[in-house]
Amino acid sequence: MNATQRTGILSPATGLLVFDINTNSFWFRNTARWVELIDSSNTIWTKAGSNVYVNNGENVGVGTLTPDVRLHVTNGSDATLVNGGYLQLGSTASSNPVFDNNEILTRNNGAASDLFLQYGGGNVAVGGITPTSKLDVNGQITMRGGLPGIDKVLSSDANGTATWRTSSRGTGFFVEASILQSVPNNTYTKVNFPTINYDDGANYNTVNDYYNCPTAGFYHFDAKILIELNSTITNGSPIVTLRISKNGTSITNNSINIPAIAGKTDYVTISINLYLAANDHILIMANQDTGNAQDVAGIFSGYWLY
């Protein structure tokens, strides 16, 4: 029958099934109205063997009457480890990735699970379409772990785990003692360097007069001390010694003989590369055996090598 005849049936019985030649579909009568069962002229699903597919390139909506793309899912909820999401792949009781409108989360029966990308091979591109390595990022990245800080650089351990470490840019210093300081006879005395010409990482302690190593590595140090003999000299062949000390222990010395002449000035220098642990202290000490106290001044500098 046609649509007019179908709708014109008086008091149709509940459960009545008819074929409408105008819509080319079956109509079923429930307790209140006619319901179309199959629209044979406008079906979008096609079966081919064991497969079912959308026939004419239409969009499919889940939670929306107006899908904008081939599969458009809306009205989900925020994905958590326990539930929620817009789309889930796999069983809730085992590993399953779930998607919401701004997150991809992999979970396993209420707990976090690992997510694998390109496990079978291939590269991953972020911000590009032609990756040339396992992870190819076209743009800047932010790494918040591993103690980041200003001017730090990435460093890797034997397993390839990266952490931030202080760069050489933040370790150089140059301090000066321009005012003469008295050094007693035969007594190693710490040399004070109150004037900071530069200290990139603020690692030189002028209160205790030592350099505080900010991070483990190899460092280079130079020191140059001026000694000026006063008129009181009892040793006919005095020796002046310069020492670099680490954490209170002598690392290296350099000595010179100086003529026992009142008013005589001379320099003692020292230069060394050292491996230091973080927070090691490096300081300069001077000694002389003229028989009486003498005056010294000088400079001290250093920087991180690698």
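This is a predicted model: local features need pLDDT of at least 70, side-chain atom pairs count only at pLDDT 80 or more; totals for chains, interfaces and linings use all residues.

Q: Which way do β9 and β10 pair, and over how many bridges?

A: They pair in the antiparallel sense, over 5 bridges. Strand β9 covers residues 95-99.

Q: What sheet are they part of, and in what order do the strands come?

A: An open sheet of 4 strands, in the order β8-β9-β10-β11. The pairing is antiparallel.

Q: Which strands stand at the edges?

A: β8 (87-88) and β11. Each has a single partner strand, so one side of each is left without a neighbour in the sheet.

Q: Where does Asn109 sit?

A: In the loop between β10 (104-108) and β11 (111-112).

Q: Buried or exposed?

A: Asn109 counts as exposed, because its relative accessibility is 56% and the cut-off is over 50%.

Q: What about the phi of Asn109?

A: Positive, about 55°, although Asn109 is not a glycine. Most residues other than glycine have a negative phi.

Q: Which other residue has a positive phi near 55°?

A: Asp209, which is not a glycine either. Asp209 lies in the loop between β19 (204-205) and β20 (210-212).

Q: Is Asp209 buried or exposed?

A: Buried, at 5% relative accessibility.

Q: New topic: β25. How many of its residues are buried?

A: 7 of the 8, so strand β25 (residues 281-288) is largely enclosed by the rest of the structure.

Q: How many bridges join β22 to β25?

A: 7, and the two run antiparallel. Strand β22 spans residues 239-246. Val240 stands opposite Gln288 in β25.

Q: And what about β20 and β17?

A: β20 is joined to β25 by 2 bridges, running antiparallel. Tyr211 stands opposite Ile282 there. Strand β17 (residues 189-190) also has 2 bridges to β25, again antiparallel. Lys190 has Met285 as its bridge partner in β25.

Q: Last one, Asp199. Where is it?

A: In strand β18, residues 195-199.

Q: Buried or exposed?

A: Asp199 is buried, because its relative accessible area is 17% and the cut-off is under 20%.

Q: What does the side chain of Asp199 reach?

A: The backbone nitrogen of Asn203, at 3.0 Å.

Q: Which residues does Asp199 touch, leaving out those up to four places away in sequence?

A: Gly172, Phe173 and Tyr204.

Technical notes:
Residues are numbered from 1 along each chain as its sequence is written. Side-chain values use heavy atoms; hydrogens and water are left out. Buried means under 20% relative accessible area, exposed over 50%, partly exposed in between (1.4 Å probe, protein chains only). A polar contact is a pair of N or O atoms within 3.5 Å; within protein, one must be able to donate a hydrogen and the other to accept it, and residues adjacent in sequence count only if both atoms are side-chain atoms. Contact means heavy atoms within 4.5 Å. Two strands pair if DSSP finds at least two bridges between them.
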